[in-house]
Amino acid sequence: MTAAHPRITIEADKRDGKACIRAMRITVNDVLGWLAHGMTEEEILDEHPGLEKEDFAAVYAFAADVAESG
């Protein structure tokens with residue numbers, strides 16, 4: 001299953017159906033948590049080379065949509 005954001009995927013059998021980035025095992029919440037704990041986008045990209053700069057915009061847009069519908 002794909003969310004409204006092309007870079008965000010939701011699969012029932014992956015990470016308990018949580019929103020993930022491009023079908024990887026990294027969730028939107030993982031990224032938001034790292035940012036909330038003070039990591040920069042650049043630090044996250046260095047630690048998780050599978051992520052791409054464009055993934056951050058998708059994370060922010062997805063989180064905004066969830067907050068708006070909440």
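In the predicted model, the largest nonpolar core comprises 14 residues, of which Ile-8, Ile-21, Ile-26, Val-28, Val-31 and Leu-51 touch the most other members. Strand 2, helix 1 and helix 3 each supply at least two residues of this core, and the largest share, 4 residues, is drawn from helix 3. In soluble globular proteins, nonpolar side chains tend to be buried together. Val-28, one of the core residues that touch the most other members, has contacts with Ile-8, Ala-19, Val-59 and Phe-62 when residues up to four places away in sequence are not counted.

Val-28 also takes part in the packing of helix 1 against helix 3. Helix 1, which spans residues 28-36, meets helix 3 at an angle of about 100 degrees, and the two axes lie 10 Å apart. Because angles from 65 to 115 degrees count as roughly perpendicular, helix 1 and helix 3 are assigned to that class. On the side of helix 1 the contact is made by Val-28, Val-31, Leu-32 and Leu-35, whereas helix 3 contributes Phe-56, Val-59, Tyr-60, Phe-62 and Ala-63. Classified by residue type, this contact between helix 1 and helix 3 contains 9 nonpolar residues, with no polar and no charged residues.

Phe-56 and Tyr-60 are 4 residues apart in helix 3 (residues 53-69), so about one helical turn separates them. The two partners are assigned to separate accessibility classes: Phe-56 is buried, at a relative accessible area of 3%, while Tyr-60 is partly exposed, at 36%.

Backbone geometry was examined as well, and positive phi values are found at two residues. Asp-16, although not a glycine, has a positive phi of about 55 degrees; it is located in the loop between strand 1 (8-10) and strand 2 (19-21), and its relative accessibility of 72% places Asp-16 among exposed residues. Arg-22, likewise a residue other than glycine, has a positive phi near 45 degrees. The position of Arg-22 is in the loop that lies between strand 2 and helix 1, and with a relative accessible area of 28% Arg-22 is partly exposed.

Conventions: Residues numbered from 1 in each chain as written. Predicted model: local features only at pLDDT ≥ 70, side-chain atom pairs only at ≥ 80, totals over all residues. Heavy atoms only, no water. Buried < 20%, exposed > 50% of the residue type's maximum accessible area, 1.4 Å probe, protein only. Axes fitted to C-alpha atoms, helices over the stretch in contact; angles between N-to-C directions. Parallel < 35°, antiparallel > 145°, perpendicular 65-115°, else oblique. Contact = heavy atoms within 4.5 Å. Nonpolar A, V, L, I, M, F, W, Y, C, P; charged D, E, K, R; others polar. Core = buried A, V, L, I, M, F, W, Y, C linked by side-chain atoms within 4.5 Å.
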